[in-house]
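Have the coordinates open beside you.

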Amino acid sequence: MAMRFDSVESVLSGVESGQTIMVGGFGLIGAPLTLIDGLTRKDVSDLTVISNNLGEAGEGLGVLLRQQKIRKAIGSYFTSNREVGEAYQRGEIHLQLLPQGTLAEAMRAGGAGIGGFYTKTGVGTQLADGKEEREIDGERYLFEPAIRADVALIRAHKADTLGNLIYYKTARNFNPIMATAANLVIAEVDEIVEPGELSAEEIVTPHLFVDRLLVAQKLLTKEGVVDRECSRIDC
């Protein structure tokens, strides 16, 4: 059974400097904004962050970037935040670029207990530098190792008290894969309900992958990131 926490400070206990952390989202969509905000106020540094991108300038993971808490980032779409390139040019961060499908498959492999896989993506480019190459049926492939993390911070729509998760449309993105590939999985959700209130057909992430739950206090709206109005009982 997943443990429900009432504060972002307590739910992030055990997240420490030097760890490798997966963070869900594509831009700010599906990003665990409450948990990220908690990290900006937590005394951690030297983090390796695995995420499709590092938020936007001054928002989401972009705040951690400005605080220089991220030592290395592994992702696909860093140009969504121009400050990432600027930090890289200043030598403040190390970047490992992976094609988006390769990134997703590497995390899936990590969650499935597979050591790695071969892919044609990146063959003949700078992304192939230093990687094992193999010919299979006359085609050239690169070996990509699986990816796992110490902690995964993910965003879902609803959870039940056991930790089963459902997602909302494209906010699902990388979150379910990350939930399988980390030692500690912390899920931020809009609402926590009782077992049986979620349709079994809707559940994407089974509870056995989820360790901790927190009701979101930072929400992404058309107006941007806003604080949740805590008028409901689950706040």
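Buried means under 20% relative accessible area, exposed over 50%, and partly exposed in between (1.4 Å probe, protein chains only). This is a predicted model, where local features need pLDDT of at least 70, side-chain atom pairs count only at pLDDT 80 or more, and totals for chains, interfaces and linings use all residues. Residues are numbered from 1 along each chain as its sequence is written, and side-chain values use heavy atoms, with hydrogens and water left out.

**Exercise 1.** Classify the pair formed by the rings of phenylalanine 26 and tyrosine 77, then classify the exposure of each residue.

*Solution.* 
- Step 1: rings of Phe, Tyr and Trp (its six-membered ring) pair if their centres lie within 6.5 Å; planes under 30 degrees apart are stacked, over 60 edge-to-face, and the rest tilted.
- Step 2: the whole structure holds 2 aromatic pairs. In this one the ring centres of phenylalanine 26 and tyrosine 77 are 5.6 Å apart and the planes are at 45°, so the pair is tilted.
- Step 3: phenylalanine 26 has a relative accessible area of 35% and is partly exposed; tyrosine 77, at 39%, is also partly exposed.

**Exercise 2.** Which kinds of residue line the second largest pocket?

*Solution.* 
- Step 1: count Ala, Val, Leu, Ile, Met, Phe, Trp, Tyr, Cys and Pro as nonpolar, Asp, Glu, Lys and Arg as charged, and the others, Gly among them, as polar.
- Step 2: the lining includes Tyr77, Phe78, Arg82 and Leu97.
- Step 3: sorting the lining of the second largest pocket gives 6 nonpolar, 4 polar and 1 charged.

Note on methods: On a 1 Å grid over the protein atoms alone, a cavity is a set of points where a 1.4 Å probe fits but cannot get out, and a pocket is an open set with protein on both sides within 12 Å along at least five of seven lines; lining residues have an atom within 4 Å of a point.
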